[in-house]
Amino acid sequence: MKLVAGGVVKGGTSLDYKTGSWRDQRPVIRLELCTQCGRCEMVCPDSAVHYVEDVYVIDVDYCKGCGLCAYECQSEAIEMVKEEK
Amino acid sequence: MNEEEAQDIMEHKDLFVSGHRACQGCGMALAVRHVLKATGNDIIVVTPTGCLETFTSPGSYSPWMVPWIHHLFENGPSVASGIAAALKAQKRDSTRVLVIGGDGATFDIGFGALSGMLERGDDVLYICVDNGAYMNTGGQRSGATPTYAATTTDPPGSQSLGKIQKKKDLPAIAAAHGVPYVATASVAYIKDLQKKVKKAMSYRGARYIQIDTPCPSVWGVASDRTLEVARLGVESGLVPLFQMEDGRITGVRKLKKRLPVEEYLKTQGRFKHLFEKGKGMEEIGEIQAIADENIEKYRLLVIRGGKDGS
Amino acid sequence: MSQVMVMEGSEAVAMAVKGSRPQVIASYPISPQTHIVERLAGMLADGEMDVQYLKVESEFSAASAVSGASAAGSRAYTASSSQGLLLMTEVLYASAGLRLPFVMTGVNRTVSAPISIQVDHQDTMSLRDSGVIQLFVESTQEAYDTHIAAFKVAEDPHILLPVMVCMDGWILTHSYERVAMIEQEKIDRFLPPFKPANFLDPLNPKTWGSIGEENVLMELRYSIQRAMELGKSRIKEVFSELAEITGRDHGGLIEAYKTEGAEIILVAMGSMAGTIKAAVNALRSKGEKVGLVKIRCFRPFPYEDIWNAIKGARAVAVIDANLSMGSEGAVCMDLKAKLYGKTNAPAVIDVIAGLGGREVNEATIQDIVEKAKESLHSDYSLKEPYWAGLNEAIVP
């Protein structure tokens, strides 16, 4: 595909790069412990936690497995689980 | 980007989307996400060379859902001034201009340009995402590196314990330019950060916000401890959080109690040389003095019974 | 009615810039450019211009500010000289690379050290690799006309590069000449408002300045080279269009002056061309077959036009008011590179003249013509450029 003069690119195209491949551990949300405070969604540097159909879910396409959601969860509802290769 | 993905973004309302190449647990990425939530999309962002620029613009992959330009390292403020002037000339009054840059660009190489912009009062909000070193190139010392932190150009060794100078007091320097709004914030307190950005946006003219954004990779903390270490920094008094409007302090995040700086320093690899064989006791004392000075200067401790709580 | 007024060169440039209706101007003082930006400031203060004028804290910022303004979709202008131009170097490379058009005046002045505020072309020559289009002018009138044309060239959708109008410091900026102004309506018709296809716009968020990876960087550089190559004909068109309006034809990418039948041709740029024309006239009246190729557009380098003008000559002397230290003059290097391999090409000598304001007068030119004639002798062997008027006795 032809480049644009000056190398200008469209915004938002990083969604084509799935950073989920980086992780070696994955957060698992225990919904029965989740109080829906939204802190996990707030502290994710990669916007990989979403509130979808009344629950919080991890976007595995982009989650890098940093563990911030698990550490910051005040209900200890998130556990980091090793990724199976 | 296809329609489904566009819809995705609309729902999430993230103007800084997934897929960027920041390290796991990057404090800066988290801060930028929330800065943009606070500003909304009617902005133009300038980013000087650095971590943020590099991890958000590898070739044709960009997470920026706002117009964004990276020009050079030392001219973020001047490019922004030019953009602000153009918007004024074109009567595009609602669109606002931000610079979001690291400490290397802000404290050092772009310092002159920053001062010029602040002095002229150009309508630009300058946000420094401060991780205390030139992290993009591996962690070299900058004017923002805290005292006795290890960096690759100021490493501890038999003749050295890291940087001896104090962190440049850039918020005070910014305030000395007579600008309407200066604030410090931390990625540990996201709602406070968003409030400060919104407050800054309610002003016109040159404004400065400095955000403490830990870098787990180089600071030597686990990627899930970014916010924890940021909190400890604030609680120790080393990272005072305050707000100044028209030169007067109009808000301070008070500390309920004084946290000894050791509790902050010992969690990070970049200070571990201070804890080896009792070598750094005096230096830790000096760092405590810096924290104490902040606590007094900004009245960070909650006063109980007329005396500074301790 | 087209006004003809006696004015200082700097004033003429300021009038041309005013007529071109920039939206943003950035200025920083340095002799001998300062009168231009001062005059613009004066016009703004008197309400004669509607422009955002940034008085920045360095030339680096001046170039950066106009770059930002251009990226945001505004027509922008700045000026500098000597040390200031060198300080802008990084910005000009970056803005050319990002294809951000704006116009600037490069008021020619030598560079430190030693420090001097006198004229030569070392400063703008140092920027010749950057991707910026460089135009040179001989007179104040040509400076006025060329600045207006420069905006049209810069903003052309197939060019989109910064354009630097180079004019000799003091000689042109501070002397008084008769200058004919162009009526504002005519300028407005010639130069419509700047409407770039891509600009910083929240309604269409784009990312400028991302990393150019190994698989695209060469192609992006090539696109600049191609914009310049194709730009040559476009630049000529723009000059013709303006000449049509004003009745003043300064020439295309070059001006070939009395080159028909010339055996010795001098090649030069800037105000020196005026002196050379006088010397050529005097020599021609004595029967000497000499001529001048005045280069008006240095970047992109108009090698085809130069070749067509010089190919019949026996010897060419390129007068460089600059030096790439350790090699030779920049104009000569470019010219010789393009002549290589051409059948029956004239002999070429490089002459370094006029550095640091050293006077270049008719006697200097006559001396250079003699040197060019010497180069035709079979035993001629000049190992280095000929330094016109060098006082060897004091060289340390």
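Predicted model: local features only at pLDDT ≥ 70, side-chain atom pairs only at ≥ 80, totals over all residues.

Trainee: How many residues of chain B are in contact with chain C?

Mentor: 39 residues of chain B are in contact with 34 residues of chain C; two residues are in contact if their C-beta atoms, placed from the backbone, lie within 7 Å.

Trainee: Which element gives the largest share of the chain B side?

Mentor: Helix H4 of chain B does, with 11 residues. Helices (H or I, at least four residues) and strands (E, at least two) are DSSP runs, numbered from the N terminus. By class, this side of chain B has 18 nonpolar, 17 polar and 4 charged residues. Here Ala, Val, Leu, Ile, Met, Phe, Trp, Tyr, Cys and Pro count as nonpolar, Asp, Glu, Lys and Arg as charged, and the others, Gly among them, as polar.

Trainee: At what angle do H4(B) and H3(C) pack?

Mentor: Helix H4 (residues 76-89) of chain B and helix H3 (residues 59-71) of chain C pack at about 45 degrees, with their axes 6 Å apart. That angle makes H4(B) oblique to H3(C). Axes are lines fitted to C-alpha atoms, for helices over the stretch in contact, and angles run from 0 to 180 degrees between N-to-C directions. Angles under 35 degrees count as roughly parallel, over 145 as roughly antiparallel, 65 to 115 as roughly perpendicular and the rest as oblique.

Trainee: And what is the make-up of that contact by class?

Mentor: The contact of H4(B) with H3(C) has 9 nonpolar, 7 polar and no charged residues.

Trainee: Which strands join the two chains?

Mentor: S2(B) is joined to strand S9 (residues 206-208) of chain C by 2 bridges, and the strands run parallel. Within this pairing, B:Trp68 stands opposite C:Thr207.

Trainee: What about chain A and chain B?

Mentor: There, 27 residues of chain A are in contact with 31 residues of chain B. H2(A) provides the largest share of the chain A side, 4 residues.

Trainee: Moving on, how is chain C divided?

Mentor: Into domain 1 (4-246) and domain 2 (255-394); domain bounds come from an automatic or database domain assignment. Their centres, taken over C-alpha atoms, are 28 Å apart. Between them, 25 residues of domain 1 are in contact with 20 residues of domain 2. H8(C) gives the most to the domain 1 side, with 5 residues.

Trainee: And the sheet: what is the strand order in chain C?

Mentor: The order is S3-S2-S4-S5-S7-S6-S13, an open sheet of 7 strands with mixed pairing; two strands pair if DSSP finds at least two bridges between them.

Trainee: Which strands stand at the edges?

Mentor: Strand S3 (52-55) and strand S13 (297-299) of chain C do; each has a single partner strand, so one side of each is left without a neighbour in the sheet. The twist averages 20 degrees from one strand to the next.

Trainee: How many bridges pair S5 with S7 of chain C?

Mentor: Strand S5 (residues 103-108) and strand S7 (residues 163-168) of chain C pair over 6 bridges in the parallel sense. C:Val103 has C:Val163 as its bridge partner in S7(C).

Technical notes. Residues numbered from 1 in each chain as written. Chains lettered and ligands numbered in written order.
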